[in-house]
Amino acid sequence: MEALLPVLKSHPGTSVLACSLVFRIVHRLLLRLPMPKVVRQDDFRCWKWKNLSVSIVHSLLTGAWAITCAVVWPETLSNIISYHTPLSYLLICVSTGYFVQDAGDIILTGHGRGSWEFLLHHAMVISCFLYALYTQLYVAGAVIVLFVEVNSVPLHLRLMLKLAGAQSSSLYYYNKFVNLFTYVIFRLGTQFYLTWFIVHNYSQLDNGGYFLTCMIVINIMMIIYFYRLLCADVFPRSKSYMGQNGMHNNNTRKFLSD
């Protein structure tokens, strides 16, 4: 790994593109897996199922990877500005490659207009991660950002169960509580910790204004989505409203409506 690090650091853009290609290959391999009949019958559901399948692979990989980096190297949590290890640098390369691939998949398949919130999110994440890779600053911060991927696993699973029409299953029932718990701990907790760090150390940060703006925008998106999750899974107003957070409506095209 030590020998690989100089190569990654000298060619971060190429490294990201290589990782993006790997995720595209994963996407092609996942096409061979069976999918529910109700998903196959609708083009949008079919695309979204395949898109979420790749997202779950990314979340399983990078969520566990990020937590491992923090446990093995605790300085990751405190020295956010300058600390990083070869594995943490590689993690950001891999994750950036995924976001590039996912943004490309959304745009090239014609779903960009209906998924603009995700494209905005991806653009901010990619720009921040690339800054970390090229400057070798805030790599530890980027690793902490990826704690949210722990929550992304049940979050993506929830959407896939809705796509399959399995909202009444026991798996969906238990998953929604895991989803809400991990959302608070790993998504909102991570976002607010990093926001606090940026505000507290603002005078010491290069381009702190840009990072703070990105964090505020993403925080707003995450709070709105959490409200929608609560309305759909904990305090549903009616059966028709419950669908607003899933694929009950075939006309729904926006990710954040899920």
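The questions and answers below concern the model shown above.

Reader: What is the mean pLDDT of the chain?
Author: The model is predicted, and pLDDT is the predictor's confidence in each residue, from 0 to 100. In this chain, 90% of the residues reach 70 or more. The mean pLDDT of the chain is 89.

Reader: What is the volume of the largest cavity?
Author: A cavity is a set of points where a 1.4 Å probe fits but cannot get out. The count comes to one cavity of 30 Å³ or more. The volume of the largest cavity is about 730 Å³.

Reader: Which residues lie nearest the centre of the largest cavity?
Author: The lining of the largest cavity consists of 43 residues. They divide into three charged, 10 polar and 30 nonpolar residues. Nearest the centre lie His121, Val125, Val145, Gln191 and Ile218.

Reader: Which helix supplies the largest share of the lining of the largest cavity?
Author: Helices that each supply at least two residues of this lining include α4 (43-72), α6 (86-108), α9 (148-163) and α10 (170-200). The largest share is eight residues. The helix that supplies this share is α7.

Reader: What is the distance from the first C-alpha of α7 to its last?
Author: Helix α7 has 20 residues. The expected span is 1.5 Å times one less than the number of residues, and for α7 the expected value is 28 Å. The distance in the model is close to that value, at 28 Å.

Reader: Which helices are included in what covers the buried residues of α7?
Author: A residue counts as buried under 20% relative accessible area. In α7 the buried residues include Glu117, His121, Val125 and Phe129. What covers the buried residues of α7 includes α2 (12-30), α6, α8 and α11.

Reader: Is Phe118 buried or partly exposed?
Author: Phe118 is found in helix α7. Its relative accessibility is 23%, and the cut-off for buried is under 20%. Phe118 therefore counts as partly exposed.

Reader: How many of the residues of α6 are buried?
Author: Helix α6 has 23 residues, which should span 33 Å at 1.5 Å a residue, and this agrees with the 33 Å between its end C-alpha atoms. The helix is mostly covered. Of its 23 residues, the number buried is 18.

Reader: Which residues is Gly112 in contact with, leaving aside its neighbours within four places in sequence?
Author: Gly112 is found in the loop between α6 and α7. With a relative accessible area of 17%, Gly112 is buried. Leaving aside those neighbours, Gly112 is in contact with Ile106 and Leu119.

Reader: Is Tyr138 buried or exposed?
Author: Tyr138 lies in the loop between α7 and α8. Although Tyr138 is not a glycine, its phi is positive, at about 65°. Because its relative accessibility is 11%, Tyr138 counts as buried.

Reader: Is Asn207 buried or partly exposed?
Author: Asn207 lies in the loop between α10 and α11. Asn207, a residue other than glycine, has a positive phi near 55°. With a relative accessible area of 44%, Asn207 is partly exposed.

Reader: Which residues does Tyr210 touch, not counting residues up to four places away in sequence?
Author: Tyr210 is found in helix α11 and counts as partly exposed at 40% relative accessibility. Tyr210 and Cys128 are 82 residues apart in sequence, and their C-alpha atoms are 9.0 Å apart in space. The residues that Tyr210 touches, on this basis, are Met124, Ser127 and Cys128.

Methods
Residues are numbered from 1 along each chain as its sequence is written. This is a predicted model: local features need pLDDT of at least 70, side-chain atom pairs count only at pLDDT 80 or more; totals for chains, interfaces and linings use all residues. Side-chain values use heavy atoms; hydrogens and water are left out. On a 1 Å grid over the protein atoms alone, a cavity is a set of points where a 1.4 Å probe fits but cannot get out, and a pocket is an open set with protein on both sides within 12 Å along at least five of seven lines; lining residues have an atom within 4 Å of a point. Grid points are joined across faces, edges and corners, and a volume is the space filled by probe spheres set on the points. Helices (H or I, at least four residues) and strands (E, at least two) are DSSP runs, numbered from the N terminus. Ala, Val, Leu, Ile, Met, Phe, Trp, Tyr, Cys and Pro count as nonpolar, Asp, Glu, Lys and Arg as charged, and the others, Gly among them, as polar. Buried means under 20% relative accessible area, exposed over 50%, partly exposed in between (1.4 Å probe, protein chains only). Contact means heavy atoms within 4.5 Å.
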